[in-house]
Amino acid sequence: MSEEIYFKTTFLSKKNKLYRFAYFFLKQEDEAKDATQETLIKIWDKRAEWDKVENPDAWSMQIIKNNCLDRLRKSKTAQKHQESFQVVHSTDQNPGTISLWQDQWNVLQQVMDRLSEKQKTVFILREIEGNSYQEIAETLEISEAQVKSDLFRSRKFLKETMLKINNHGIRKTQSMA
């Protein structure tokens with residue numbers, strides 16, 4: 001099989017998954033597109049290493065995760081990465097309901113930003129992307145037990161914080177230690 005065909009079937013076919021991950025991390029469409037494109041270029045440039053890669057999916061997710069983390073570190077302010085979530089307006093949805101949902105989504109995004117990078121990554125890979133514990137462990141190069149622990153802690157923190165905000169209207173909560 002030629003390099004081009006292998007690249008297309010193994011990596012390029014996963015571009016939407018890579019983009020969703022980048023978008024969830026970076027919260028900006030253009031940044032996520034750039035990160036995805038840069039990741040695919042890095043994968044192509046590392047084609048000499050493909051034969052050493054045991055799990056191409058986990059390997060590509062590791063590359064985009066590192067790419068996103070680098071981009072976030074380089075940004076001057078976290079505000080730059082906190083765009084409002086855009087909801088596609090539908091004629092059958094109540095504008096009040098859409099507004100309430102957008103507010104809840106924005107609050108959840110802010111609360112998620114208080115998780116450690118590892119806990120946030122585990123949460124996104126499991127709850128948003130639907131990866132197995134084993135896939136997450138391989139991607140992040142940690143044990144499955146650590147994946148489960150980080151996922152438990154992130155879920156608990158998110159649940160408790162969102163309940164506190166919704167029940168008491170408290171927008172400022174303690175950050176995750």
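These notebook entries record what I looked up in a predicted model of one protein chain.

**Entry 1: ground rules.** I noted that residues are numbered from 1 along each chain as its sequence is written, and that side-chain values use heavy atoms, with hydrogens and water left out. In this predicted model, local features need pLDDT of at least 70 and side-chain atom pairs count only at pLDDT 80 or more, while totals for chains, interfaces and linings use all residues.

**Entry 2: the chain overall.** I found 8 helices and 0 strands, where helices (H or I, at least four residues) and strands (E, at least two) are DSSP runs numbered from the N terminus. The order of elements from the N terminus is α-α-α-α-α-α-α-α. Of the 177 residues, 40% count as buried (under 20% relative accessible area, with exposed over 50% and partly exposed in between; 1.4 Å probe, protein chains only). I then looked at contacts, meaning heavy atoms within 4.5 Å. Among those between residues at least 6 apart in sequence, 64% join residues at least 24 apart.

**Entry 3: H2 against H4.** I took helix H2 (residues 15–26) and helix H4 (residues 56–74), whose axes lie 10 Å apart at an angle of about 30°. Axes are lines fitted to C-alpha atoms, for helices over the stretch in contact, and angles run from 0 to 180 degrees between N-to-C directions. H2 and H4 are therefore roughly parallel (under 35 degrees; over 145 is roughly antiparallel, 65 to 115 roughly perpendicular, and the rest oblique). Their crossing is right-handed, that is, the near helix is turned clockwise from the far one by less than a right angle, anticlockwise being left-handed. The residues of H2 that meet H4 include Phe 21 and Phe 25, and those on the H4 side include Met 61 and Ile 64. By class, this contact has 10 nonpolar, 1 polar and 4 charged residues (nonpolar: Ala, Val, Leu, Ile, Met, Phe, Trp, Tyr, Cys and Pro; charged: Asp, Glu, Lys and Arg; polar: the others, Gly among them).

**Entry 4: H4 against H7.** I next examined H4 with helix H7 (residues 133–140), whose axes come within 8 Å and cross at roughly 55°. The two helices are therefore oblique to each other, and the crossing is right-handed. Ala 58, Met 61, Gln 62 and Lys 65 of H4 touch Glu 135, Glu 138, Thr 139 and Leu 140 of H7. I counted 3 nonpolar, 2 polar and 3 charged residues here.

**Entry 5: H8.** I checked the length of helix H8 (residues 144–168): at 1.5 Å a residue, its 25 residues should span 36 Å, and its end C-alpha atoms are 36 Å apart, which agrees. The expected span is 1.5 Å times one less than the number of residues. Among the buried residues of H8 are Val 147, Leu 151, Phe 157 and Ile 165.
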